[in-house]
Amino acid sequence: MIPPHAVVVKAPGTNCDVETADALNRAGASASVHTTHQWLEDPELILRARILVFPGGFAHGDDIASARILASQLRTRLGDVLRRFVDDEGGYVLGICNGFQALVKAGLLPRDTGAPLRQSVSVVHNDSGQYVCRWVRLRIENSRCSWLPQGEYWDMPVGHGEGKFVPGPEFDTDSDLVAFRYVDAEGNDANDAPANPNGSVAAIAGICDATGRVLGLMPHPDRSYLGYHHPASLLAPKDDDETSGSQLFRALVDAAMH
């Protein structure tokens, strides 16, 4: 079977593109990194892929707000081709941390099929007012992302200053658009720090769109896809240990193959 082609988007200030491409390649995709400048010159580049990933970092330095400039470019200059990629071509989109912020602010998450790009939820400053970098536990919810192993618990690191998820008036926090929640050691919804690192409403760590093919989350699978990434592996680290990050990327690639 031909590996699905994955495009990783690199904006000025993005710093997780290399790791993301490596994780996708290890999961069975054929990944390449393209800058936003290349995108704007050739928007059809998007349509030649099956998977589109917006990685973490500080797009355009987050000078206005996290991913605000990138989101504006996506909505105003690439909106039509992005809608076509999802609605007509059946493409898969993943946004990680800064990439998640971009998808939310561009209006691609959450969104009904065929709907215009319009922001309806927010990702704002952490309740602590500080940048948070730590490992958290997630529960995979019963969402429209049927390609995820629902009901499982994953450990991933976070690293952000603006990661608090705030639903808009039209977003139901109990709906099947919620893909991940922060949980405590016992698996209960985490409403407070440190298990909920940013104060996200209803402990929401990631959401999807109506198709289940557009997914965004604040935690970093790109920083937890190799065995030695996890602190518990310090005694006997291995590159190919199964991890939460490798499971997410493999599930994404497998879904895009079908």
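Does Cys145 count as buried or exposed? Cys145 has 0% relative accessibility and therefore counts as buried, where buried means under 20% relative accessible area, exposed over 50% and partly exposed in between, with a 1.4 Å probe and protein chains only. The model is predicted, so local features need pLDDT of at least 70 and side-chain atom pairs count only at pLDDT 80 or more, while totals for chains, interfaces and linings use all residues. Residues are numbered from 1 along each chain as its sequence is written, and side-chain values use heavy atoms, with hydrogens and water left out.

A search of the whole structure finds zero disulfides, a disulfide being a pair of cysteine sulfur atoms within 2.5 Å. For Cys145, the nearest cysteine sulfur is that of Cys208, 3.8 Å away. Cys16 is in no disulfide either; the nearest cysteine sulfur belongs to Cys97 and lies 7.5 Å away. Cys16, at 2% relative accessibility, counts as buried.

Now the sheet. Nine strands form an open sheet with mixed pairing, in the order S2-S1-S3-S4-S11-S10-S9-S6-S7. Helices (H or I, at least four residues) and strands (E, at least two) are DSSP runs numbered from the N terminus, and two strands pair if DSSP finds at least two bridges between them. Strand S2 (30-35) and strand S7 (153-160) are the edges, each pairing on one side only. On average, neighbouring strands are turned by 25° against each other, direction ignored; axes are lines fitted to C-alpha atoms, for helices over the stretch in contact, and angles run from 0 to 180 degrees between N-to-C directions.

Strand S1 (residues 5-10) runs parallel to S2 and is joined to it by six bridges, with Val8 opposite Val33. The chain passes from S1 to S2 through helix H1 (residues 17-26) in a right-handed β-α-β crossover: with the strands pointing away from the viewer, the path from the first strand over the helix to the second runs clockwise. S1 is also parallel to S3, through three bridges, and Val7 has Leu52 as its bridge partner there.

Strands S10 (residues 204-208) and S11 (residues 214-217) are antiparallel, with three bridges. Helix H5 (residues 98-106) packs on the sheet and touches S3, S4, S10 and S11, contact meaning heavy atoms within 4.5 Å.

Helix H4 (residues 79-87) has Gly79, Val81, Leu82, Phe85 and Val86 as its buried residues. These fall within an arc of 165° seen down the axis, so they line one face of H4; the arc is that of the directions from the helix axis to the C-beta atoms.
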